[in-house]
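This report describes selected features of one structure in running text. Please look at the sequence and the model first.

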Amino acid sequence: MPTGVSSLPQREMKLLLSTRFSESCFNAIPAIAQWMDDIASSLTIVHVYNPKKTHRSDALAQLSGFFAEADHYGGTRRVLLSGEDPAKAMAAYLAEEAHDLLVCPATDQVGLPRPFHRSTRARLMQLTSTPLWTISASADGLRARPPQRVACVISRRSDSRRPLELAAQYAQFHGACLQLMYLVPEVDDGTIRNSLSFNEPLSERTAARELGKLVDALSLTCEIYTARGVCSRSLADMVSRARTELLFIGKNEVLRRKLWLPDVASFTDSAGCPVVCVDHDRSAPLSRLFSARVSERAVVRRAANTVSTESSMI
Amino acid sequence: MIVRDHLPWDRVWPRIWRRLVLLFLFDLTVSVLYTFGLTKLVALPSLPVLPMGSVLSIFLAFRTNSAYGRWWEARQLWGQLVNSSRSLARQAITFIQGGMPPSDVTEEKRRIVHLQIAFVCALRCHLRRQNPFPELRNLVDAETLAHLRTQRNVPAAILIEIGTLLRAAFHAGRLDSFRWVATDQTLTELSNVMGACERIKNTPLPRQYDYFPRILVHVYCVLLPFGLVDGLQLLTPLVSTLVSFMFVALEEVGREIENPFENTVHDTPMTSLSRTIEVNLRQHLGETKLPADIQPVNGFVY
């Protein structure tokens, strides 16, 4: 696990907030403020309006009124894009202006089934490689402090390495506890395949022992959670039981198909905490950022500790 | 705070649709059972149901008034904060000896006024449990910011910083004792406003006010079709669901406005009021580069 790699260039994190002025977007503001204080140096607030439905001046007025306190952050930009498909417009913008993290809260619930709803988040995950941070409208627990429990979902797929790297580095950055979560699948062909590599049936105990080996390599405070089931049914319960405050997961675990349209798995909304969806091989910028800044934060921590020691002596 | 004339349905519907759909299905079952003669036992005399509705209305009105009292007090406190902030800026600029705006404002005066803007931002973030430091970076110097990071109550620490600056001005002879006392009274007002806001934030409405109306509304909505079915028969689901909607909506209104510092659309518009204070205070200093006023977003001011 690469940590404290001082040879890497110091990068500042560029955050992009995609907003449609929904309640979820306002709910996300405390988390963005926390990111801005931790590691982000610039924030771009983007709104995509449909010129057939909204007048540009109205959209501009709304954009300037949204998250007004961000004007004080320094390095905040507001970008108004036009287009009928918000995901396509955002993806085109991201292709021009690379960002390290895309913040895209869930759409507000309408309370009715929407079988033909096109999930902007799902399409953004398909169209861009930028890690996507999301949260549901009903999620609670965004607080003015860094997360103390950062979780990562380990899966049998090949894409769990990148989420694990990022989760570990983020946990180390904040001195948080890293929670490794693994869902042991129900008995199927895959179980038999896994059994061949472990020399014994893949049970919760086997999974916990294998994760334990991983924990030894991480040199972090870790907790291991295993359960039997699949993400869609069991992950939200596990996250709730572990009181996770930030969850890292591979995009492949999150993307679903509802009818023939791409959708985001419902557990991202029912988990009750923010979720960072990471592409398996294309999320290097964020990873590099954490690596570079861990050592910097450690120096700051040491300085703060010195001050508090002196104060207590007085 | 909602400033538009009408409430959009997409904000109301998600909160109540499950209950209304369940009630409609229940009412439909009752009316079908009765109308098609499957059983006549489902009809109750309407006499006990109607007075119960009246009592429940009084209960709900009381609860909504209590919630509105909290919301209105929060708004009044922020109104008082606007006034006290202007007073403190005026006192700092006119009481302390030295240059006067717009041409010649001393660094000391500028720092006090900027700290007051920082206090308002920090109080808003404190109440919304939001990290204030990204905002404070441009309002206070690095040393003060580092000190504030060690404090648990950042707005209270900012008031101490302002008080320390006033004390330094007094000891340096730039502020006489009468004016120092007057300015300190304004700081006390600010401290009182902060304390009152914290009281509202940290003390929920008594849970009995929330729990019993909710239970009673459920019981009433379930009993209602039994009282109506004898007279309305197949029309029962429509009328009963409509009456239930009124009670459910009234109960929801109370719940939504009872917490005015939760970063929701029902909040006291603290971001907007902070901006008003900032613009006023910067103008007091003679600054010309002012932030824009905040426009409502989708009919909501935050």
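In what follows, Ala, Val, Leu, Ile, Met, Phe, Trp, Tyr, Cys and Pro count as nonpolar, Asp, Glu, Lys and Arg as charged, and the others, Gly among them, as polar. This is a predicted model, in which local features need pLDDT of at least 70, side-chain atom pairs count only at pLDDT 80 or more, and totals for chains, interfaces and linings use all residues. Residues are numbered from 1 along each chain as its sequence is written, chains are lettered from A and ligands numbered from 1 in the order in which they are written, and side-chain values use heavy atoms, with hydrogens and water left out.

**Cavities**

A cavity is a set of points, on a 1 Å grid over the protein atoms alone, where a 1.4 Å probe fits but cannot get out; its lining residues have an atom within 4 Å of a point. Grid points are joined across faces, edges and corners, and a volume is the space filled by probe spheres set on the points. The model has three cavities of 30 Å³ or more.

The largest cavity has a volume of about 80 Å³. It is lined by 14 residues, and those closest to its centre are A:Phe26, A:Gly65, A:Phe67, B:Thr271 and B:Tyr302. By class, this lining holds eight nonpolar, four polar and two charged residues.

The second largest cavity holds about 40 Å³ of space. Its lining has one nonpolar, three polar and five charged residues. Among them are A:His72, B:Arg124 and B:Glu135. Helix α10 (residues 270–284) of chain B gives the most to this lining, with four residues. Helices (H or I, at least four residues) and strands (E, at least two) are DSSP runs, numbered from the N terminus.

**Aromatic rings**

A pair of aromatic rings is described by the distance of the centres and the angle of the planes. Rings of Phe, Tyr and Trp (its six-membered ring) pair if their centres lie within 6.5 Å; planes under 30 degrees apart count as stacked, over 60 as edge-to-face and the rest as tilted. Over all chains there are twelve aromatic pairs. Two of the pairs are set out here.

| Pair | Centres apart | Plane angle | Class |
|---|---|---|---|
| A:Trp35 and A:Tyr170 | 5.4 Å | 40° | tilted |
| A:Phe67 and A:Tyr73 | 5.7 Å | 85° | edge-to-face |

A:Trp35 in helix α2 (residues 29–38) of chain A and A:Tyr170 in helix α6 (residues 161–174) of chain A are 135 residues apart, so the pair links distant parts of the chain. Buried means under 20% relative accessible area, exposed over 50%, and partly exposed in between (1.4 Å probe, protein chains only). A:Trp35 and A:Tyr170 are both buried, as are A:Phe67 and A:Tyr73. Ring pairs also join A:Phe67 and A:Tyr73 with A:Phe21, A:Phe26 and A:Phe66 in a cluster.

**Strands of chain A**

Strand β2 (residues 40–49) of chain A has nine of its ten residues buried, so it is largely enclosed by the rest of the structure. Two strands pair if DSSP finds at least two bridges between them. Six bridges join β2(A) to strand β1 (residues 13–18) of chain A, and the two run parallel. A:Lys14 has A:Ser42 as its bridge partner in β2(A). Seven bridges, also in the parallel sense, pair β2(A) with strand β3 (residues 76–82) of chain A. Here A:Val46 stands opposite A:Val79 in β3(A).

Terms used: On a 1 Å grid over the protein atoms alone, a cavity is a set of points where a 1.4 Å probe fits but cannot get out, and a pocket is an open set with protein on both sides within 12 Å along at least five of seven lines; lining residues have an atom within 4 Å of a point.
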